[in-house]
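Here is a colleague's note on one structure. Please read it with the model open beside you.

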Amino acid sequence: MKSCIVVLGPVMVVALAACGSSSPQASPTVVRRAIAALGVGPIMHVVTEQPTGAVDVDLKTGRRTASVFRDELWTDRHGHRIHFVVSEGGRTVGDLLLPQDVAKSKSAFPPDPGRALASFWTGYRAALKSGRAELDRRGAVRGRPVYWLRFESARPSTSVPHPPTLEIAVDARSYEPVLSRTTFDGRRYDERILVTKAIPYRSADFRREGPSLLASAILHGNSWSTGTSTSHPRASLKTTVDAPWLTAGKSVARLELGAVNPLTARRKQKPSIHGIELVYGPVRDGLAGTRSTTIDELPRADPSIDWKSIPADSVQVDVSKGYGRSATAAHPHPRNTSFKEWTGYLEKDNLYITINTLQGERALLELARSLHRPRK
């Protein structure tokens, strides 16, 4: 689960620099109505949503629900006072307050994510008023007619040959922003805009709501380090599972259980946590190989995963792309190849389970549905 803030924060700052470039002006009517739609309050309130890339799958019904990050921002017109909240599944996972957190932010990733987002929305009104916003085209978002306002970035340079661009889709009737689209390094990032309003100041909007954004393991990916070991000779690998651990069976999803090994999760300056790893498919020297499917089981939750956001009796599925070198009978010489890896997260019987496979989502779901306590 990746945070959209870390990726888009710097992009928005660079794209905002575009407001100083010379580009075709948008229609005066569109600009005037877009400014009026913002309101006149001293505090800018913005709510956006962006898919995390993961999906929650109900193991009983198969129902799929996309996992979404929700960002909420309150900031004054100068960006001196900021409250930035990140939530997933209705639960706050990170909260930033400035200037209160300014001392902590000096040791955090630059630039500060809340300030980056704030810098765009505090400058949005100025960009419209300056006459340098480009009315790029008309279009539709979720069936609603929109005007696309484009903010060009700086000119290409040696260090940044393809500078980011930012487009804002403005509803053709209400003239409120409904979508932001950032294009950076050939990739496109869309954020749905739910609220963009200049509102009166309320002290309640600048009170902390959850754990510090700067220390959030979920948003910063501070995962435990895990490792497996085996004392079993290759000819007599352990393939039995004892309670309280779970097994998916000797054979599932056309994969044979090849090994059951001790798993250790290490945490900085804290006692290690012990579990097991089930290895399905190829086994190399008694351990999982690059093509193996693994099921890791631990009695404690890895803090980098937002387990509480995963609904009961569901598995959260994420897909990532990797690269490596491989050889086949048709091509005996190793060559660079790309592959997809499916990762599933679920909690069952007070165990925190992670499934990794190259066999596709169907195999992952079959493995997750097959997990059960071993029969005596």
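The numbered points below go from the whole chain to single residues.

1. **Ground rules.** This is a predicted model, in which local features need pLDDT of at least 70 and side-chain atom pairs count only at pLDDT 80 or more, while totals for chains, interfaces and linings use all residues. Residues are numbered from 1 along each chain as its sequence is written, and side-chain values use heavy atoms, with hydrogens and water left out.

2. **The whole chain.** The protein chain has six helices and 19 strands. These are DSSP runs, numbered from the N terminus: helices are H or I with at least four residues, strands are E with at least two. Of the 376 residues, 48% count as buried. Buried means under 20% relative accessible area, exposed means over 50%, and partly exposed lies in between (1.4 Å probe, protein chains only). The accessible surface comes to about 19700 Å², and carbon and sulfur atoms hold 50% of that. Areas come from the Shrake-Rupley method with a 1.4 Å probe; for residues, only the protein chains shown count as cover.

3. **Contacts along the sequence.** A contact means heavy atoms within 4.5 Å. Take the contacts with a separation of 6 or more: 61% of them join residues 24 or more positions apart.

4. **The largest core.** In soluble globular proteins, nonpolar side chains tend to be buried together. A nonpolar core here is a set of buried Ala, Val, Leu, Ile, Met, Phe, Trp, Tyr and Cys residues joined through side-chain atoms within 4.5 Å. The largest one has 33 residues, and Trp121, Tyr124, Leu128, Phe151 and Ile168 have the most contacts inside it. Elements that each supply at least two of its residues include helix H2 (28–38), helix H4 (113–129), strand S1 (43–58) and strand S6 (144–151). Leu128 touches Val31, Ala34, Ile35, Ala133 and Leu149, leaving aside residues up to four places away in sequence.

5. **Strand S19.** How many residues of S19 (residues 351–357) are buried? Seven of its seven are. One side carries Leu351, Ile353, Ile355 and Thr357, the other Tyr352, Thr354 and Asn356, and both faces are covered. S19 pairs with strand S16 (residues 293–298) in the antiparallel sense, over five bridges. Pairing requires at least two DSSP bridges between the strands. Asp296 has Thr354 of S19 as its bridge partner.

6. **Aromatic pairs.** A pair of aromatic rings is described by the distance of the centres and the angle of the planes. Rings of Phe, Tyr and Trp (its six-membered ring) pair if their centres lie within 6.5 Å; planes under 30 degrees apart count as stacked, over 60 as edge-to-face and the rest as tilted. By this rule there are five aromatic pairs. Trp121 and Tyr124 form an edge-to-face pair, 5.3 Å centre to centre with 65° between the planes. Both lie in helix H4, three residues apart, about one turn of the helix. Both Trp121 and Tyr124 are buried. The rings of Trp307 and Tyr345 have centres 5.9 Å apart and planes at 90°, so this pair is edge-to-face too. It links distant parts of the chain: Trp307 is in the loop between S16 and S17, and Tyr345 is in strand S18 (residues 335–348), 38 residues apart. Trp307, Tyr345 and Tyr352 form one aromatic cluster.

7. **A charge over a ring.** Arg81 lies over the face of Phe206, at 5.6 Å from the ring centre. The rule asks for NZ of Lys or CZ of Arg within 6 Å of the ring centre and within 35 degrees of the ring normal.

8. **Backbone points to check.** Most residues other than glycine have a negative phi, and most peptide bonds are trans. The bond from Leu98 to Pro99 is cis, with omega near 15°. The bond from Ala243 to Pro244 is also cis, with omega near 10°. Asp285 has a positive phi of about 55°, and Asp313 has one of about 60°. Asp285 counts as exposed because its relative accessibility is 57%. Asp313, at 46%, counts as partly exposed.

9. **Ser314.** Ser314 lies in strand S17 (residues 314–326). Why does Ser314 count as buried? Because its relative accessibility is 6%. Ser314 touches Val57, Asp58, Leu59, Tyr345 and Leu346, not counting residues up to four places away in sequence.
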